[in-house]
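Let's walk through this protein together, one region at a time. Keep the picture open beside you and find each part as we reach it.

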Amino acid sequence: MTSAIIVGGGVAGPVTAIALQKAGIDATVHEAYDRGADGVGAFLTLAVNGIAALGTLDLHHLVRDKGFATRKMSIGMGAGHKPMAEFGFGAALPDGTGTLSIRRADLYGALRDEAARRGIRVEYGKRLVSATPDRQGVTATFADGTTARADLIVGADGLRSAVRTIIDPNAPAPRYVPLLNVGGYAKGLRLDSAPGHMHMIFGREVFYSYVVHPDGDVWWFANPRQPRELSREELAAVSWRDRMRELFAKEDDLAGALVDASPEFFAGWNTYDFPKVPVWHRDRMVVIGDAAHATSPASGQGASMAIEDAVTLARCLRDGADVPDAFARYESLRRTRVERVVAQGKRNGDGKSLGPVMRRVLPLFFKLYRPSEKSMDWLYGHRIDWDAPVPAVG
């Protein structure tokens with residue numbers, strides 16, 4: 001195995017290419033759009049387990065200064081009320097790096113630039129339309145009529161993955177989670193909150209969250225309930241600032257202030273996940289990240305799971321007897337973990353829509369149930385040893 005085609009140039013694509021390069025496999029990234037994703041997207045939580053996985057590729061230092069430390073989360077029924085519970089985001093790494101809040105575009109840019117520095121090629125305007133495997137390799141055909149050939153194809157092409165459909169034409173569609181995502185970056189507010197303390201608020205009408213950046217800006221998002229899935233055209237037609245003012249009218253004053261103080265607003269989008277993708281690989285093709293197991297943003301683990309996938313796949317290709325054996329090892333190491341994360345993300349998302357009864361019950365629940373840091377170690381404490389040999393399946 002000496003070469004790979006990576007389909008998808010978002011966060012997962014460059015990381016996968018770098019990981020494969022470390023395993024001795026030459027990879028080229030093929031991105032459907034004719035340009036990179038600079039300036040695209042909102043912000044995300046890059047969990048400490050994802051940062052640890054980046055560390056195996058000597059990448060974690062690149063993102064450390066792009067975001068800011070986010071070590072604590074509190075849950076409350078309103079901005080002016082005492083929190084019902086507080087949680088950590090896992091123990092920091094030995095060098096002190098822990099969970100970060102970071103703009104998606106900054107994460108993407110750092111990884112793309114480092115891939116280029118390491119000699120990895122990215123080709124834009126390459127939308128995959130078909131792939132034909134044979135005994136020696138696989139040929140990819142793109143919408144512009146060009147082809148590429150390699151030993152294997154990695155689908156890092158997200159929720160609407162073309163590679164997933166080629167692998168399994170009967171693959172399930174993403175599951176709509178009845179929440180929207182919207183938010184912005186507020187300026188000029190002076191809040192009584194330490195930087196990096198993420199506040200999760202169960203409002204009367206809408207769940208929202210905010211965290212203070214060290215420079216004083218307030219990064220925030222909200223998850224309005226939306227029972228019916230909206231089309232792209234319907235989403236584009238919404239005046240999101242007006243919509244959020246309307247939704248926040250019954251909330252504490254802070255909620256409305258976040259909207260009014262945000263010159264930079266990211267438009268709403270639907271929420272989806274994949275409870276289970278039955279087939280991850282076939283012949284010389286495999287999917288990773290959201291293409292294999294998209295999780296609701298409520299999990300806080302989307303980017304981290306993709307990064308863990310990339311590192312694990314590279315190790316399996318390094319140690320596997322052949323491509324099918326490597327893919328089987330990869331799936332055996334990843335499926336149980338990622339499906340557990342998807343399930344947790346769904347529970348977290350479902351919990352954001354509280355009816356009158358649950359609004360009374362939830363404070364009592366948190367009085368009786370206080371999850372310990374250790375109970376979340378399965379999530380945040382996961383570490384990948386690059387040098388450890390990958391065991392064979394069975």
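Strand 3 (residues 43-46) and strand 7 (residues 100-103) run antiparallel to each other, and four bridges pair them. One place to look is Thr45, which stands opposite Ser101 of strand 7. Please keep in mind that this is a predicted model. Strand 7 also pairs with strand 4 (residues 68-69), again antiparallel, through two bridges. Which residue of strand 7 is the bridge partner of Phe68? The partner is Ser101, the residue that also faces Thr45.

From here, move to Leu46, where strand 3 (residues 43-46) ends. Leaving out residues up to four places away in sequence, Leu46 touches Ile51, Leu54, Val63, Thr99, Leu100, Ile102, Leu107, Ala303, Ser304 and Ile307. Leu46 also belongs to the largest nonpolar core, which has 98 residues. Within that core, Leu20, Leu46, Leu107 and Ile153 touch the most other members. Which helix gives the most to this core? Helix 10 does, with 10 residues. Another core lies apart from this one; it has 23 residues, among them Ala186, Val212, Met244 and Leu247.

Where they meet, helix 2 brings Asn49, Gly50, Ala53 and Leu54, while helix 10 brings Ser304, Met305, Ile307, Glu308 and Val311.

Now find helix 1 (residues 12-22). Is this helix mostly covered or mostly uncovered? Mostly covered: nine of its 11 residues are buried. The buried ones are Ala12, Gly13, Pro14, Val15, Thr16, Ala17, Ile18, Ala19 and Leu20. What lies over them includes strand 1 (3-7), strand 2 (26-30), helix 2 (48-55), helix 4 (104-117), strand 12 (152-155) and helix 10 (302-319). Just after helix 1 comes Gly24, with a positive phi of about 90 degrees.

Strand 2 is one of the elements covering helix 1, and Ala27 lies in this strand. Why does Ala27 count as buried? Its relative accessibility is 5%, and buried means under 20%. Beyond its neighbours within four places in sequence, Ala27 is in contact with Ala4, Ile6, Ala17, Leu20, Ile120 and Arg121. Ala27 and Asp151 are 124 residues apart along the chain, yet their C-alpha atoms are separated by 9.9 Å.

Next comes an open sheet of three strands, in the order 9-10-11, with antiparallel pairing. Strand 9 (128-133) and strand 11 (147-150) are the edge strands, each pairing on one side only. On average, neighbouring strands here are turned by 20 degrees against each other, direction ignored.

Asp273 counts as buried because its relative accessibility is 0%. Not counting residues up to four places away in sequence, Asp273 touches Pro174, Arg175, Val177, Ala294, Thr295, Ser296, Val342 and Lys346.

Asp58 lies between helix 2 and helix 3 (60-64), and its phi is near 60 degrees, a positive value in a residue other than glycine. With a relative accessible area of 49%, Asp58 is partly exposed. Asp283 sits in the loop between strand 18 (281-282) and strand 19 (285-287). Its phi, near 50 degrees, is positive too, and at 42% relative accessibility Asp283 also counts as partly exposed.

Technical notes: Residues numbered from 1 in each chain as written. Predicted model: local features only at pLDDT ≥ 70, side-chain atom pairs only at ≥ 80, totals over all residues. Heavy atoms only, no water. Buried < 20%, exposed > 50% of the residue type's maximum accessible area, 1.4 Å probe, protein only. Contact = heavy atoms within 4.5 Å. Pairing = 2+ DSSP bridges. Core = buried A, V, L, I, M, F, W, Y, C linked by side-chain atoms within 4.5 Å. Axes fitted to C-alpha atoms, helices over the stretch in contact; angles between N-to-C directions.
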